[in-house]
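Student: I have not looked at this structure before. Could you take me through it step by step?

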Amino acid sequence: MFSGDEMAALCTAMGVTHVVSVADSTIGPWHPAIERTDGLRLIRVCREGEAWALAGGLYLGGATPLVMIQCTGLFESGDALRNILHDWQMPIFSIIGYRSYLNQTTLPGDTCLVFTEPVLEAWRIDYRLITTPAQRDEILAHYIACRDASRPGAALIAEGKA
Amino acid sequence: MSDTLARMSQMEALRVLHAARRASDVVITSMGAARDWMVLGAGPLDLPLVPSSMGTAPAIGLGIALAQPERRVIVVNGDGAMLMHLGSLVTITAAAPANLTLILADNGVYEVTGAQPTPGSPGARSDGAYVDFVGMARAAGFRSVHHWSTAAEWEQHVEMILDTPGPTFVLLDVARVPGAVGPRSPGPAPERARALRRNLGIGAR
């Protein structure tokens, strides 16, 4: 849906300084563009639970982090997310890949389609579902609204293959 | 298998660090270390990580270290917490902040829940062996790795260790505290997060 350069440009427009990420087949190809963009630093973590905590530390230190993970990582990282976003109320924004939303050719019946949005709602994360490239500005607008309200938010990016 | 290591008390270990840290250092403590650090007196740049998501203190410290590269950041983690996020050892060395020191206070148990042995301690392992945290840190790529069992040794080396470019890993063998309770939050977490940012010179947002 988006190229790496488009995603890096979006991060720059958002004022992001650090992208904290675990790759998937959609997000991974964005990494090289993020890495070569001035003003952006890609931080690779070993599991998604680390991503929220690392982003929280970056925020405490005055940086502007973005968490970029797949929905499966969202499932994995619930307690870290709970602590950073809700206990400490750090306004971390995330881009979350929505596995199999555009097609299920790799994983027919993928239960990511069952659980992703209910889990985001359960964790009280205000998200926007992004299914076409034309919604790029909607991500930016949602980010700015969340930033100005000092609250967390997410863009849920529809993905194809797993 | 019983624990046969000589161990310093955690309070002694933290007292050494408390005396050696600079006022400009950020010190993040978790679980039992947070409890004892607050007894010693947490400074305006300290983060007793209560409430926590167990195991995330090193990642939070890494984030602060990357955002504040001119400032020393010291994380005191427990062995149970370290085992929950062992990958953090690799994440830290991948990012390689020279200003981060990770101290692992190893007592072999989940102290605040009643001293159940961790899977890394002899009492819970079929091989009866200690898990080699120092070996793990070296294998993960830490440039500066240290291991002390007595407060005297730790005190003798602490300033040199904190001054050495890192990332640095320090294993301290500490004694269990029978009947120890978990740390109490010193106040609402969101207010403490905002205070830490203010104290680091960061504006509101």
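Tutor: Let us begin with a term: a salt bridge is a side-chain nitrogen of Lys or Arg within 4 Å of a carboxyl oxygen of Asp or Glu. In chain B, R22(B), D25(B), R72(B) and D163(B) are linked in a network of such salt bridges. Please keep in mind that this is a predicted model.

Student: How many salt bridges are there over all chains?

Tutor: The count comes to 17 salt bridges over all chains.

Student: Which residue forms a salt bridge with R128(A)?

Tutor: The partner is D126(A), and the closest N and O atoms are 2.8 Å apart. R128(A) counts as partly exposed, at 30% relative accessibility. D126(A) is also partly exposed, with a relative accessible area of 26%.

Student: And what does D126(A) meet in a salt bridge with R151(A) tie together?

Tutor: The side chains of D126(A) and R151(A) meet at 2.8 Å, N to O. D126(A) lies in strand 5 (residues 126–130), while R151(A) lies in the loop between helix 7 (136–149) and strand 6 (153–158), so the pair ties together parts of chain A that are 25 residues apart in sequence.

Student: What about R136(A), which residue does that one pair with?

Tutor: R136(A) forms a salt bridge with D137(A), with the closest N and O atoms 3.1 Å apart. R136(A) is partly exposed at 26% relative accessibility, whereas D137(A) counts as exposed at 52%.

Student: Changing topic: is E48(A) buried or exposed?

Tutor: E48(A) is buried, yet has no salt bridge. The nearest side chain of opposite charge is R47(A), 6.1 Å away. E48(A) is found in helix 3 (residues 48–60) of chain A.

Student: Which residues does E48(A) touch, then?

Tutor: Leaving aside residues up to four places away in sequence, E48(A) touches V22(A), I69(A), G73(A), E76(A) and S77(A).

Student: Which residues form a nonpolar patch on the surface?

Tutor: M1(A), Y101(A) and L102(A) form one, with about 250 Å² of accessible area together. L102(A) lies in the loop between strand 4 (93–98) and helix 6 (112–122) of chain A, and counts as partly exposed because its relative accessibility is 47%.

Student: How many helices and strands does chain A have?

Tutor: Chain A has seven helices and six strands. Its radius of gyration is 14 Å, close to the 15 Å that the globule rule gives for 162 residues, so chain A is as compact as a globular protein of that length. Buried residues make up 56% of the 162 residues in chain A.

Key. Residues numbered from 1 in each chain as written. Chains lettered and ligands numbered in written order. Predicted model: local features only at pLDDT ≥ 70, side-chain atom pairs only at ≥ 80, totals over all residues. Heavy atoms only, no water. Patch = residues over 30% accessible without salt bridge, like charges linked within 9 Å, V, L, I, M, F, W, Y side chains within 5 Å. Areas by Shrake-Rupley, 256 points an atom, 1.4 Å probe, with all protein chains shown as cover. Helix = DSSP H or I, 4+ residues; strand = E, 2+ residues; numbered from the N terminus. Buried < 20%, exposed > 50% of the residue type's maximum accessible area, 1.4 Å probe, protein only. Lys, Arg positive; Asp, Glu negative; His and termini not counted. Contact = heavy atoms within 4.5 Å. Rg over C-alpha atoms; globule rule 2.2 N^0.38 Å.
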